[in-house]
Amino acid sequence: MSCAKDPPSEITTVLTGYTWDDPSISAKMNPARDIALIDQLLAQPAETAWLEFKGSNTDPEMIGTQAVLYGPRSFAEMTQDERVRACYFHAVLKFLSGDKMKNASLCARLGIAAKNAAQASAVISKTLDAGLIRVADPEHPRAGYLPHWA
């Protein structure tokens, strides 16, 4: 069963074959498959933790659209920077859905067992230190976290 945080399996399968620094990348490209993948991405109803829509750049020198897709990774496989980025984007998604990020929601998002909630607390602390999130209510620190700009 797939949940909103995971890309559809056919998209993951297609993306797994790419290694962008591989000199034989052109041998791995398949225009029909790639167009079908783009159509599938465009058909998604909304942004998710694994899909972010970007508008075209208005700079004539840089016209185009850039997409960065992050494949699913376990908490143990993530670097510290990836954990901080995941925490920030989780806070953004929670805010956009009218909620606040909490330790428990980050645990669920990153697949951290409740008994290891201290790991989520450490990620939240690093994300706070990076200035990417803030405490939603300084008077009640357990009220959750928001993106720094919210």
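This report covers the fold, the nonpolar core and selected helix residues of a predicted model.

## Basis

The model is predicted, so local features need pLDDT of at least 70, side-chain atom pairs count only at pLDDT 80 or more, and totals for chains, interfaces and linings use all residues. Residues are numbered from 1 along each chain as its sequence is written, and side-chain values use heavy atoms, with hydrogens and water left out.

## Overall fold

The protein chain has 6 helices and 2 strands. Both kinds of element are DSSP runs numbered from the N terminus: helices are H or I with at least four residues, strands are E with at least two. The order from the N terminus is α-α-α-α-α-α-β-β.

The chain has 150 residues, and 27% of them count as buried. Buried means under 20% relative accessible area, exposed over 50%, and partly exposed in between, with a 1.4 Å probe and protein chains only. The accessible surface is about 10,000 Å², with 57% of it on carbon and sulfur atoms. Accessible areas come from the Shrake-Rupley method with a 1.4 Å probe; for residues, only the protein chains shown count as cover. Take the contacts between residues at least 6 apart in sequence: 44% of them join residues at least 24 apart. Contact means heavy atoms within 4.5 Å.

## The nonpolar core

The largest nonpolar core holds 17 residues. Such a core is a set of buried Ala, Val, Leu, Ile, Met, Phe, Trp, Tyr and Cys residues joined through side-chain atoms within 4.5 Å. C87, M101, L106, L110, I112, I124 and I133 have the most contacts inside this core. Helices α4, α5 and α6 each supply at least two of its residues. The largest share, 5 residues, comes from α4. In soluble globular proteins, nonpolar side chains tend to be buried together.

C87 lies in α4. C87 counts as buried because its relative accessibility is 0%. Beyond four places in sequence, C87 touches M101, L106, V123, I124, T127 and I133. C87 and M101 are 14 residues apart in sequence, with their C-alpha atoms 8.7 Å apart.

## Helix α5 and its partners

Helix α5 spans residues 103–110, and S105, L106, C107 and L110 in it are buried. The buried residues of α5 pack against α4 (80–96) and α6 (117–129). Just after α5, G111 takes a positive phi of about 70°.

The axes of α5 and α6 come within 9 Å and cross at roughly 105°. Axes are lines fitted to C-alpha atoms, for helices over the stretch in contact, and angles run from 0 to 180 degrees between N-to-C directions. The two helices, α5 and α6, are therefore roughly perpendicular; the range for that term is 65 to 115 degrees. From α5, the contact uses N103, L106 and C107; from α6, it uses A117, A120, S121, V123 and I124.

E82 lies in α4 and counts as buried at 19% relative accessibility. Its side chain reaches the backbone nitrogen of T79 at 2.8 Å. Outside four places in sequence, E82 touches R73 and E77.

R83 is also found in α4 and is buried, with a relative accessible area of 14%. R83 touches F75, A76, M78 and V123, not counting residues up to four places away in sequence. R83 and I124 are 41 residues apart in sequence and 9.1 Å apart in space, C-alpha to C-alpha.

How values were computed. Polar contact = N/O pair within 3.5 Å; in protein donor to acceptor, adjacent residues only side chain to side chain. Parallel < 35°, antiparallel > 145°, perpendicular 65-115°, else oblique.
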